Amino acid sequence: MEAKKLCLALYTGSVDKLTAAGVILSGAAADDMEVDIYVLLQAARAFRKDIGDDSSKLAMAENPDLKDEFLQSLKNLNVKTWVEFFKEAKEITDVKIHICGLAGKVWGGSKLDDFISLADDICGINAYITSAQEADINLFI
Amino acid sequence: MTIDELKNLEVTKSVDARGTACPGPLLEAKKAIGLIKPGDIMEVLSADEGTKVDVPKWCKKQGHDYLGTIDENGYFKIYLQKK
């Protein structure tokens, strides 16, 4: 099967939606899809080196009162963390993670080294538009 | 294939993914298929209902032959042949 392309505009910085993005990435990895991820506004905070998998620093998009229950349930089910999902997808298929330059600066990060090592580069918004135009599947999370 | 035929298959690779929830079993299958040769049979053990739907669809897309599923008590044995 010809590899298809997924373009993901990742806006969320919340642990529940980041986990959902990670699950979807796994599906794309199983199909050997080429994946471009554009890390926008809130998501750039989660990609900061001092945050990443530290769920105590991440909010919940929905049911904020149930964060502990949600995280404990994922743990009980042996589900990977969002960073682990992203890392595994990168190991299996061609996943490139681009940090939006503006988003990075909003959260105090102006160079690639300010973000977790999964990030590949810092980009401008036209890179996202170009990727979205070429992609077979476009998602905004 | 019938259940008896599935039970008598010569399995080259068995992947026990019963400890993980979706998407774990599919990714375990994806990683393991790279370790076997074309024509080899792989067995995936999963306790996740979603896997018995995911694996046949994934096989169809990837060109592998989905051979069938045995419903054990509390988990599934899913069989496929690498293209």
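1. The model is predicted, so local features need pLDDT of at least 70, side-chain atom pairs count only at pLDDT 80 or more, and totals for chains, interfaces and linings use all residues. Residues are numbered from 1 along each chain as its sequence is written, while chains are lettered from A and ligands numbered from 1 in the order in which they are written.

2. Chain A holds an open sheet of five strands in the order β4-β3-β2-β1-β5, with parallel pairing; strands (E, at least two residues) and helices (H or I, at least four) are DSSP runs numbered from the N terminus, and two strands pair if DSSP finds at least two bridges between them. The edge strands, each pairing on one side only, are β4 (121-123) and β5 (137-140) of chain A, and the twist from one strand to the next averages 25°. Strand β1 (residues 5-10) of chain A pairs with β5(A) in the parallel sense over four bridges, and A:L8 has A:L139 as its bridge partner in β5(A).

3. Helix α1 (residues 15-30) of chain A lies across β1, β2 (34-39) and β3 (95-100) of chain A and runs at about 170° to β1(A); angles run from 0 to 180 degrees between N-to-C directions, and axes are lines fitted to C-alpha atoms, for helices over the stretch in contact. Helix α6 (residues 125-134) of chain A also packs on the sheet, touching β1, β2, β3, β4 and β5 of chain A, with its direction at about 140° to that of β1(A). Contact here requires that the C-beta atoms of two residues, placed from the backbone, lie within 7 Å.

4. The largest nonpolar core has 50 residues, and those with the most contacts inside it are A:L25, A:V35, A:V39 and A:I99; such a core is a set of buried Ala, Val, Leu, Ile, Met, Phe, Trp, Tyr and Cys residues joined through C-beta atoms within 7 Å. The helix α1(A) gives the most to this core, with seven residues. Among the residues that A:I99 touches, not counting those up to four places away in sequence, are A:V39, A:F47 and A:I122.

5. By contrast, α2(B) is largely enclosed by the rest of the structure, because eight of its 10 residues are buried. What covers those buried residues includes α1 and α4 (82-92) of chain A, together with β1 (13-16), β2 (41-46) and α3 of chain B.

6. Within chain B, the axes of helix α2 (residues 24-33) and helix α3 (residues 51-62) come within 9 Å and cross at roughly 35°. In this contact B:P25, B:L26 and B:A29 of α2(B) meet B:T51, B:D54, B:V55 and B:W58 of α3(B).

7. Strands β3 (residues 65-71) and β4 (residues 76-81) of chain B pair in the antiparallel sense over six bridges. They form a hairpin with four residues between them, and B:G74 in the turn has a positive phi of about 95°.

8. The contact between the chains takes 11 residues from chain B and 12 residues from chain A. On the side of chain B that touches chain A, α2 and α3 of chain B each supply at least two residues.

Technical notes:
Buried ≥ 20, exposed ≤ 12 C-beta atoms within 10 Å, placed from the backbone.
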